[in-house]
Amino acid sequence: MQQPTSKQLFAYWDHIRNGRIAPRRFEIEPAKIANILRETFIAECAGLMGFRFRLAGTQICQEFGRELRGLDFLSLWSFGDKDAVASLVRTVLHDGSVGHGTFLARTDAGFETSFEFTLMPLIHTGTSINRQIG
């Protein structure tokens with residue numbers, strides 16, 4: 001991880017999980033990460049292949065030029081990259097591992113910028129990982 005936001009979010013997540021595979025969703029205290037909320041999201045499993053945004057920070061939505069809440073996370077990826085990202089999402093959900101990646105985003109007008117993302121498992125209800133914070 002290179003970006004300060006990724007490092008800070010990981011450190012917070014790692015602290016609250018306290019040696020467990022993943023913390024519970026309700027253990028996340030927004031006030032403790034207030035300075036990075038604009039760049040943070042939570043996504044949930046939505047069926048076998050769905051993974052939709054529950055929350056998306058204002059900076060993320062601004063970068064993508066739209067509100068992301070309710071959208072499928074995988075819909076943001078090109079056809080060629082979707083399988084690789086889906087595999088990473090499944091690994092985080094099934095193994096409780098942390099996912100990390102970088103990508104280059106392009107606008108219709110041809111502008112490009114790079115992003116870094118992290119995916120960290122969360123347990124919302126029950127005992128299985130069914131959400132991710134990133």
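**Close-up views of a predicted model**

**View 1. Arg24 and the residues it touches.** Arg24 sits in the loop that runs between helix 1 and strand 1 (41-46). Beyond its neighbours within four places in sequence, Arg24 is in contact with Ile123, His124, Thr125 and Gly126. One of these, Ile123, is 99 residues away from Arg24 in sequence, yet the two C-alpha atoms are 4.5 Å apart in space. A polar atom of the Arg24 side chain lies 2.8 Å from the backbone oxygen of Gly126.

**View 2. Ser6 in helix 1.** Ser6 belongs to helix 1, which covers residues 4-17. Ser6 is buried because its relative accessibility, 6%, is under 20%. With its neighbours within four places in sequence left aside, Ser6 is in contact with Met1, Glu116 and Thr118.

**View 3. Cys45 and Cys61.** Cys45 is partly exposed, at 30% relative accessibility. Cys61, by contrast, is buried, with a relative accessible area of 10%. A covalent bond between the sulfur atoms of two cysteines is called a disulfide. How many disulfides does a search of the whole structure find? The search finds zero.

Notes:
Residues are numbered from 1 along each chain as its sequence is written. This is a predicted model: local features need pLDDT of at least 70, side-chain atom pairs count only at pLDDT 80 or more; totals for chains, interfaces and linings use all residues. Side-chain values use heavy atoms; hydrogens and water are left out. A disulfide is a pair of cysteine sulfur atoms within 2.5 Å. Buried means under 20% relative accessible area, exposed over 50%, partly exposed in between (1.4 Å probe, protein chains only). Helices (H or I, at least four residues) and strands (E, at least two) are DSSP runs, numbered from the N terminus. Contact means heavy atoms within 4.5 Å. A polar contact is a pair of N or O atoms within 3.5 Å; within protein, one must be able to donate a hydrogen and the other to accept it, and residues adjacent in sequence count only if both atoms are side-chain atoms.
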